[in-house]
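Subject: A structure for you to look at

Hi there,

Here is the structure I promised to pass on. Please open it next to this email and follow along as you read.

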Amino acid sequence: DQTVDRLESAGVVAVGTRHSQRRRHDWGRLTQVGDLNIGWVSCTFGTNGYPDPLDQVLDCYTEKPQTLAAISGLAARRDVDAVFFVPHWGIENQLVIARRQSSLAREAISAGAAIVVGTHPHILQEWDWMKSKFGRAIPIIYSTGNFISTQPLPHQRDGLILIVTLHKSSKGSKAHVVSTRYILTEFEYPPGNMSFVEFDPVRHSVLPVQAQLREGELKRYLGACE
């Protein structure tokens, strides 16, 4: 509740978690970008073991019907130009994409998502594209890495700022993604001065390879995610 209150007081729209006193509100939220109304739906794979007795957090998998309904509900509205699906999912510090992630991405696109942008793994992960029912290629960014974090490992300090261009052909039509670009960032945290800078391959280390897990550990992680 404190986080939602602080975000709202700063003019930031919170999505995926709702205030305990406003639980009847729909999971989807709206923001305006130029003359476009953008719908947002977020969910999470879990809450780090903490209980959610008041149903304030939307679970990607145990509440998948609600997640997809939130996407399709926004996509069906005439006043919503595009829906962004931003799940909190994936395996920490790994490049491996679990099957249930790609399955959820496919279902979200079928429900009307114009783009899928994931977070949580603390490492940059691959991009993919899936076709919508209208034949458009919909981008899936599985993980944007870390933007600001005190995690110390090299691969945990890299992230990206995603730049998305939308196009709306006529009044009454939906907007669709026509380009996706990014700015690589690297987080720096000298004592008392946390900041991020644009990634510079001359000044910084090369983008990291996948963190290594032993075969048994990898199977355990994948098993938990399936």
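In what follows, contact means heavy atoms within 4.5 Å. Please keep in mind that this is a predicted model.

Setting aside neighbours within four places in sequence, Ser-132 is in contact with Ile-109 and Ile-138. Is Ser-132 buried or exposed? Buried means under 20% relative accessible area, so Ser-132, at 15%, counts as buried.

Ile-109 is itself one of the buried residues of helix H3, along with Gln-101, Ser-102, Leu-104, Ala-105, Ala-108 and Ala-111. What covers them includes H2 and the strands S3 (82–85), S4 (115–117), S5 (127–131) and S6 (137–141).

Now for the two helices. H2 covers residues 64–75 and H3 residues 99–111; their axes come within 8 Å and cross at roughly 30°. Angles under 35 degrees count as roughly parallel, so H2 and H3 are roughly parallel to each other. Their crossing is right-handed. From H2, the contact is made by Lys-64, Leu-68, Ile-71, Ser-72 and Ala-75, and from H3 by Leu-104, Glu-107, Ala-108 and Ala-111. Of these residues, six are nonpolar, one is polar and two are charged.

Just after H3 comes Gly-112, with a positive phi of about 125°.

Happy exploring!

Methods. Residues numbered from 1 in each chain as written. Predicted model: local features only at pLDDT ≥ 70, side-chain atom pairs only at ≥ 80, totals over all residues. Heavy atoms only, no water. Axes fitted to C-alpha atoms, helices over the stretch in contact; angles between N-to-C directions. Helix = DSSP H or I, 4+ residues; strand = E, 2+ residues; numbered from the N terminus. Parallel < 35°, antiparallel > 145°, perpendicular 65-115°, else oblique. Left-handed = near helix turned anticlockwise from the far one by under 90°. Nonpolar A, V, L, I, M, F, W, Y, C, P; charged D, E, K, R; others polar. Buried < 20%, exposed > 50% of the residue type's maximum accessible area, 1.4 Å probe, protein only.
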